[in-house]
Amino acid sequence: LVIMKHLLFDLIDCPSDLLDDEDFVRLSAWNAAKESKSELINISCHKFKPQGVTALAMLAESHLSIHTWPEKGVAKCDIFTCGEKCDPHKAVEYLGKAFKANKIETDAFDRLL
């Protein structure tokens, strides 16, 4: 039996300049993967016009995503991991601090294989 963890989380009331900075979002995804003790394979990032950024980090253990809405001060994120060594909660904690979120709402799911 393999237990996988899937965390869906919202970073709320974040500064819009951070949410609209593609380089910052990319670096934050990289750091969050490292904080969770996941093995980062690749990061893809896209800056939308007029605003917003999406970053997807491919992890050996699955993935991490960040989708931002600067006009709302919100990032909608998830991290999905498998394996004993990863702690996806550390990624949530890191991203909350990095994006200066005044509130974090998280739903956590254990998924079995």
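Tutor: Leu1 counts as exposed because its relative accessibility is 84% (buried means under 20% relative accessible area, exposed over 50%, partly exposed in between, with a 1.4 Å probe and protein chains only). This is a predicted model, in which local features need pLDDT of at least 70 and side-chain atom pairs count only at pLDDT 80 or more, while totals for chains, interfaces and linings use all residues. Residues are numbered from 1 along each chain as its sequence is written, and side-chain values use heavy atoms, with hydrogens and water left out.

Leu1 sits in the segment before strand E1 (3-12) (helices, H or I, at least four residues, and strands, E, at least two, are DSSP runs numbered from the N terminus).

Now to the part I have picked, helix H2. This helix covers residues 22-35, and its 14 residues should span 20 Å at 1.5 Å a residue; the end C-alpha atoms are 20 Å apart, so the two agree (the expected span is 1.5 Å times one less than the number of residues). At the start of H2, a side-chain oxygen of Asp21 comes to within 3.1 Å of the backbone nitrogen of Asp23.

Which residues of H2 are buried? They are Val25, Ser28, Ala29, Asn31, Ala32 and Ala33.

After H2 comes Lys37, with a positive phi near 65°. Lys37 is not a glycine, and its place is the loop between H2 and E2. Most residues other than glycine have a negative phi, and most peptide bonds are trans. Lys37 counts as exposed because its relative accessibility is 54%.

Ser38 lies in the loop between H2 and E2 as well. Is Ser38 buried or exposed? Ser38 counts as buried, because its relative accessibility is 5%. The side chains of Ser38 and Ser36 are joined by a polar contact of 2.8 Å (a pair of N or O atoms within 3.5 Å; within protein, one must be able to donate a hydrogen and the other to accept it, and residues adjacent in sequence count only if both atoms are side-chain atoms). Leaving out residues up to four places away in sequence, Ser38 touches Ala33, Leu59, Glu61, Thr81, Lys85 and Cys86 (contact means heavy atoms within 4.5 Å).

Lys100 is not a glycine either, and its phi is positive, about 55°; Lys100 is in the loop between H3 and strand E6 (103-112). Lys100 counts as exposed because its relative accessibility is 56%. In the loop between E2 and E3 lies Pro50, joined to Lys49 by a cis peptide bond with omega about 10°.

One more pair deserves a look. Lys76 and Asp10 form a salt bridge, their closest N and O atoms 2.9 Å apart (a side-chain nitrogen of Lys or Arg within 4 Å of a carboxyl oxygen of Asp or Glu). This pair links distant parts of the chain, with Lys76 in strand E5 (residues 74-82) and Asp10 in strand E1, 66 residues apart. Asp10 is buried, because its relative accessible area is 16%, whereas Lys76, at 37% relative accessibility, counts as partly exposed.
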